[in-house]
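Take a moment to look over this protein chain.

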Amino acid sequence: MALKLLASWKPPVKKFKLAKVRSAINQLRPKNPQDMTLITGIILQELPDTGIRTITQIFNSVLRTGYFPCQWKVSQIITVLKPGKPAEEAKSYRPTSLLPIQSKLFEKIFLTRIKPTLQAKRIIPDNQFGFRQKLASNDQDHRITNVIDKALESNKYCTAAFLDISKAFDKVWHEGLLYKIKTIFSDNI
């Protein structure tokens, strides 16, 4: 029993350092759109050290307790017209969520914390290009084109199946995803 508990034990989450939070605040774009909280990047960048220290303590409390404030999950939805689409059709607009800047700041710092583990354990496949920094659908197009070119040059057959799954994120098996995450990270993450 003790071995089983020891095998499932994960070290406590390291606290965010004041310098890391200050650095992330300084990297914010000051002209970001204003959210419902009326807090902007400029306001955060002009905070005195005590304000940044307080934000750091709040972020560390979120890490320690695993409780993400409900107010940070409330977003303001705005619509953006897709390029080259008619403005009079509803399908021509892409909804965008404006989250509170505190939420975006926490997520940015948190991502830098978990990204090395995700990369070291190769959790995200190399051929996934969506929602990854410095990768876009154009890069995936180039990758596939190179695979096809190599196959043709080697006189090999090349078969491909392309799927465009509408609302793919809505179809994620959330319980299974949470189970996978819990096998890698501690419960409060």
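This is a predicted model: local features need pLDDT of at least 70, side-chain atom pairs count only at pLDDT 80 or more; totals for chains, interfaces and linings use all residues.

Begin with the parts list. The chain holds seven helices and two strands. Follow the sequence and the order reads α-α-α-α-β-β-α-α-α. So how much of the chain is buried? Buried residues make up 21% of the 189 residues. The chain exposes about 14,900 Å².

Next, look at contacts along the chain.

Now find two helices, α4 and α5. Helix α4 covers residues 49–65, and helix α5 covers residues 101–120. Their axes come within 11 Å. They cross at roughly 65°. The crossing of α4 past α5 is right-handed.

Which residues meet where α4 and α5 touch? From α4 come I55, F59, V62 and L63. From α5 come Q102, L105, F106, I109, F110 and R113. The residues of this contact divide into eight nonpolar, one polar and one charged. Check the numbering on the α4 side: F59, V62 and L63 are among the residues there. An α-helix has 3.6 residues a turn, so residues three or four places apart point the same way.

Stay in α5 and pick out S103. Is S103 buried or exposed? S103 counts as buried because its relative accessibility is 0%, and the cut-off for buried is under 20%. What does S103 touch, leaving aside its neighbours within four places in sequence? S103 is in contact with F68 and W72.

Move on to helix α6, residues 137–153. It has 17 residues. From its first C-alpha to its last, α6 reaches 24 Å. That is close to the 24 Å expected at 1.5 Å a residue. Just after α6 comes N155, with a positive phi of about 55°.

The loop between α6 and α7 holds T159. Helix α7 spans 174–184. T159 counts as exposed because its relative accessibility is 77%, and exposed means over 50%. Where does T159 sit relative to I148? The two are 11 residues apart along the chain, and their C-alpha atoms are separated by 8.6 Å.

Methods. Residues are numbered from 1 along each chain as its sequence is written. Side-chain values use heavy atoms; hydrogens and water are left out. Helices (H or I, at least four residues) and strands (E, at least two) are DSSP runs, numbered from the N terminus. The expected span of a helix is 1.5 Å times one less than its number of residues. Axes are lines fitted to C-alpha atoms, for helices over the stretch in contact, and angles run from 0 to 180 degrees between N-to-C directions. A crossing is left-handed if the near helix is turned anticlockwise from the far one by less than a right angle, and right-handed if clockwise. Contact means heavy atoms within 4.5 Å. Ala, Val, Leu, Ile, Met, Phe, Trp, Tyr, Cys and Pro count as nonpolar, Asp, Glu, Lys and Arg as charged, and the others, Gly among them, as polar. Buried means under 20% relative accessible area, exposed over 50%, partly exposed in between (1.4 Å probe, protein chains only). Accessible areas come from the Shrake-Rupley method with a 1.4 Å probe; for residues, only the protein chains shown count as cover.
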